[in-house]
Amino acid sequence: MPARGVRRGVDSGAARARSVSPETVVRAILIGGALAFVLFALPVLLSTYWIKVLTAVAIFAVVALGLNVLFGRAGLVSLGQIALLAVGGWIAARFLFLTSLPFPVVLLLAGLLTAAVGTLLGLPALRLSGLHLALITLMFAGVVAIVVPTTNFPNGGSGVLGHTESSLGSLAIRRPSIAHSDEAYFRYTVIVAALMFLLALAHVSAKAGRAWSAIRHSEPAALAAGVNITLYKLYAFTLASFMTGVAGGLYAGNVGKLYSYQFSGARTIDSVSLMAVVLMGGIFSLWGAVVAAVLQQLLPALLNDWFAFFRENPDFLFVIFGVGLLQVLVTAPEGLVTQFPRDMRNLGRLIIKPFRRRSGAAKGPP
Amino acid sequence: MIEVEGLTVRFGGVTPIDGMTVSFQEGTCGLIGPNGAGKTTFFNVLSGFVKPATGTVSAFGENLLKLADYRRARWGLRRTFQTEQAIAKLTVFENVALIHEHSHSDRRARRADVEDALSFVGLDAFERSAVGTLGTGPRRFVEIARAVVGQPKVVLLDEPAAGLPDEQTQHLAGLIREIPERYGALVILVDHDMSLVSACCQTTAVLDFGKLIAAGPTAEVLHNEHVIRAYLGTEDEL
């Protein structure tokens, strides 16, 4: 038994497991520092335009996070996440116009009601997986793309739908009272997004996360381990949809006015490209969701800013995503979130190497 | 104790288990037979992956076939698979804790129970290691720890020694012998390694083409002429 051979300090091993490791402390400090920089330095350094872009990055990080958990942890595919974002946005907008409920309460309601819709969307997942589930969820996105132009988004009108065509005088979707300005709303969004990441972390590092890992590994083995597969698959959809619904509420507050063309049939491609960027970012680490959002929201904004060619051909983004996805799937299935730091380390070593050899030669015996 | 009465499984025209009646009393029981004899199918019936055409299985007074598949693990049915199924992405500790979480065991005792199972198999120094970083041998022992954690009643071991070098197989045999007394569970061992079966099992049942051809004390069964014929593939006049 190899384990017996290296068996040392059983008690110290148990103690180590209970205490917080130094790496965890360092990591928490680094994350806290990065968050402080994002919250306090970025709004000062950047123009309003870029702050709005970064607000969108924070919102889509939450959407990507939902898919990251769903696919990366439970192994369930969904190509209907942007449609769920539209559902969350609609629900939030309706409540914001209809009631004077505080913004966080509306976000919670949008999350919970979208979770209910998303759980229904998860029902086919009990029978289907892989390509079939991908197609079914894509069809759901198609259905939303048909419904949205008919119902439209609430814009201050009356009735159940809350939409009025006399939109000249229509109101913007209200923002939280503490975050009217774009800078304040950016901070607000980042904090809500951080809370969503904590929620995801609380799940993936606990019983639910372990159950999802078991299901992703092998369903028969998960059943033999006593995991209620039906329950945990649906729960993955519920959690992912909750996050997406909250993101929908944040999105509504960010843009002020929701238009049906943003979620039209032609835009269902966004749900597909979300899957691509989530895979590119990396599905085995929650940070992959941040990388995914940067790729989907910040990258096109930067390219627009830098190249006239890109402004005229925005769909060129899909070519970049295609090449990027191929690169990741072939060379680094764990995603850019792991690949990029590793490549940078290797590059650093490559640069240092000649210097080290020279100093080594100088130190060597004559 | 497990009592199997007239168990028959059909897959289309194939009958992998044909009217099997057998009881597994206590301790560690062997279940052997040539390839395709129906041993794994029998385990799959117990796990709930395969629905039998006829027959009953009563385990410690519980009608096992009535329980939903995932509830059987909660009831106390544990199993390992021919290809080990430890989850590579999780740590050794998490792999074992997963089983405990879905059993009826007291959650306050989880850490102590998991650590007990890990020290039983000798993996306590590796509890924080990801299973993906371990070799085949340690992974097999993670599976054994998973099988004994959280008050197991029945432990099904499907070729647990597959791919293990000799000295680890001996360690494994010692563990298998210890499970009934230490954890109070009935163990059923399927393996091709006759020395492992004779070393671990007081009683052994032999399946051939889905039929029970012998059962009883291991030494007697292994010298039974039907069993020898079944293994050597001689024409059987039964």
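This is a predicted model: local features need pLDDT of at least 70, side-chain atom pairs count only at pLDDT 80 or more; totals for chains, interfaces and linings use all residues.
Local features are reported only at pLDDT of at least 70 and side-chain atom pairs only at pLDDT 80 or more, whereas totals for chains, interfaces and linings use all residues. Residues are numbered from 1 along each chain as its sequence is written, and chains are lettered from A in the order in which they are written.

**Contact between the chains**

- The contact takes 26 residues from chain A and 34 residues from chain B.
- On the side of chain A that touches chain B, the largest share, 5 residues, comes from H9(A).

**An enclosed helix in chain B**

- Helix H3 of chain B (residues 92-101) has 10 of its 10 residues buried, so it is largely enclosed by the rest of the structure; a residue is buried if 20 or more other C-beta atoms lie within 10 Å of its own, exposed if 12 or fewer, and partly exposed in between, with C-beta atoms placed from the backbone.
- Among the buried residues of H3(B) are B:Glu94, B:His100 and B:Glu101.

**Sheet in chain B**

- An open sheet of 6 strands has the order S6-S7-S8-S3-S9-S10 with mixed pairing, two strands being paired if DSSP finds at least two bridges between them.
- The edge strands, S6 (77-79) and S10 (211-217) of chain B, each pair on one side only.
- Strands S7 (residues 154-158) and S8 (residues 186-190) of chain B run parallel and are joined by 5 bridges, and the bridge partner of B:Val155 in S8(B) is B:Val187.

**Residues with positive phi**

- Most residues other than glycine have a negative phi.
- B:Phe60, in the loop between strands S4 (54-59) and S5 (62-63) of chain B, has a positive phi of about 50° although it is not a glycine.
- B:Phe209, in the loop between S9 and S10 of chain B, likewise has a positive phi of about 50°, and B:Phe209 counts as partly exposed, with 16 C-beta neighbours inside 10 Å.

How values were computed: Two residues are in contact if their C-beta atoms, placed from the backbone, lie within 7 Å. Helices (H or I, at least four residues) and strands (E, at least two) are DSSP runs, numbered from the N terminus.
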